[in-house]
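Hello! Here is the structure I promised to pass on to you. Have a look at it first, and then read on for my notes.

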Amino acid sequence: MAQDAATLTSILTAAPVVPVIIHDDVSTARALAEALVAGGLPNLEVTLRTPNALKVIAEMAKVEGAVVGSGTVRDLDTMKASVDAGCRFMVSPGAPVKLLEDAETIGIPLLPGIASPTEAMAASLMGYSYLKFFPAEAMGGAPVLKAFASPLPDLKFCPTGGISLANAKTYLSLPNVVCVGGSWVVPGDKVAAGDFDGIKALAAEAAALAG
Ligand code: 3PG
């Protein structure tokens, strides 16, 4: 089967922002997830960029209300490991044909990354209608996605890369943007200091963008 758009619709419409998390400390993973969920951001993308990322995912998946996905998925092995760790969705920076084909054998949906109309069309031809636009700001930002809307009206995007509280609203106002992703709600200094109240406040500020 192609991309499970119904499942992605229900996940990605739950909150306007998906925190992009680079975290290696398993002992604080639950507290971090609890803070983000309590702030109003249930969808958590944990990038597979740290040695303990899969353990972090497994801890975060135990948090009530958390819908944990893996990020930086690049091959079949990392997709299988994502399922085993308790992920409900997966995100990739790109959309190579082999990855999209392999994702069809995995029981949770993949949100693949694209940066051009040709890449978006290639993914669409393989049955993918939800796409990550990456790296969003570097590729031209909201005006590019606005330009995609007329010729590619059936495709929905989650832009990620360079997004902040300041520019998120511009993306979210576009008809083809379902949510945005960003690491600004998980700043390294607050995580290192164990300032989970501060992270909850950032999450609440981000969640309020839905209004
Ligand atoms: C990433 O994969 O690193 C995301 O795009 C996050 O980008 P950001 O740190 O600019 O929010």
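Leu111 is buried, since its relative accessible area is 3%. Please keep in mind as you read that this is a predicted model. Leu111 belongs to strand β5, which covers residues 110–111. Which residues does Leu111 touch, not counting residues up to four places away in sequence? They are Gln3, Leu12, Met90, Val91, Ser92, Tyr130, Leu131, Lys132 and Cys158. For a sense of distance, take Gly94: this residue and Leu111 are 17 residues apart in sequence, and their C-alpha atoms are 9.2 Å apart in space.

**Aromatic rings**

Next, the aromatic side chains. The count comes to two aromatic pairs. Are Phe133 and Phe148 buried or exposed? Both are buried.

Phe148 also pairs with Phe157: the ring centres are 5.6 Å apart and the planes stand at 55 degrees, so this pair is tilted. The relative accessible area is 6% for Phe148, which is therefore buried, and 0% for Phe157, which is buried too. Taken together, Phe133, Phe148 and Phe157 form one aromatic cluster.

The C-alpha atoms of Val177 and Phe157 are 4.8 Å apart, although the two residues are 20 residues apart in sequence. Val177 is found in the loop between α8 (165–172) and β9 (180–182). With a relative accessibility of 9%, Val177 counts as buried. Leaving aside neighbours within four places in sequence, Val177 is in contact with Leu145, Phe157, Pro159, Tyr171 and Leu172.

A ring takes part in another kind of arrangement as well. The charged end of Lys132 sits over the ring of Phe134, at 4.6 Å from the ring centre. Lys132 was also one of the residues that Leu111 touches.

**Backbone details**

Phe134 comes up again here, as the peptide bond from Phe134 to Pro135 is cis, with omega near -15 degrees. Pro135 lies in the loop between β7 and α7.

You will find Thr72 in the loop between β3 (67–71) and α4. Its relative accessibility is 19%, and buried means under 20%, so Thr72 counts as buried.

**Two helix contacts**

Two packed helices are described by the angle between their axes and the distance between the axes. For helix α2 (residues 29–39) and helix α10 (residues 196–207), the axes come within 7 Å and cross at roughly 35 degrees. The crossing of α2 and α10 is right-handed. On the α2 side the contact is made by Ala31, Leu32, Ala35, Leu36, Ala38 and Gly39, and on the α10 side by Phe196, Ile199, Lys200, Ala203, Ala204 and Ala207.

The α3 and α4 crossing is right-handed. Here Leu54, Ile57 and Ala58 in α3 meet Ala81, Ser82 and Ala85 in α4. How many of the residues in the contact of α3 with α4 are charged? There are no charged ones, with five nonpolar and one polar.

**One more residue**

Finally, Asn52 lies in the loop between β2 (43–47) and α3. Asn52 is partly exposed, with a relative accessible area of 23%. Apart from neighbours within four places in sequence, Asn52 is in contact with Asp24 and Val26. The C-alpha atoms of Asn52 and Gly140 are separated by 33 Å, and the two residues are 88 residues apart along the chain.

Technical notes: Residues are numbered from 1 along each chain as its sequence is written. This is a predicted model: local features need pLDDT of at least 70, side-chain atom pairs count only at pLDDT 80 or more; totals for chains, interfaces and linings use all residues. Side-chain values use heavy atoms; hydrogens and water are left out. A crossing is left-handed if the near helix is turned anticlockwise from the far one by less than a right angle, and right-handed if clockwise. Helices (H or I, at least four residues) and strands (E, at least two) are DSSP runs, numbered from the N terminus. Contact means heavy atoms within 4.5 Å. Ala, Val, Leu, Ile, Met, Phe, Trp, Tyr, Cys and Pro count as nonpolar, Asp, Glu, Lys and Arg as charged, and the others, Gly among them, as polar. Rings of Phe, Tyr and Trp (its six-membered ring) pair if their centres lie within 6.5 Å; planes under 30 degrees apart count as stacked, over 60 as edge-to-face and the rest as tilted. Buried means under 20% relative accessible area, exposed over 50%, partly exposed in between (1.4 Å probe, protein chains only). A charge sits over a ring if NZ of Lys or CZ of Arg is within 6 Å of the ring centre and within 35 degrees of the ring normal. Axes are lines fitted to C-alpha atoms, for helices over the stretch in contact, and angles run from 0 to 180 degrees between N-to-C directions.
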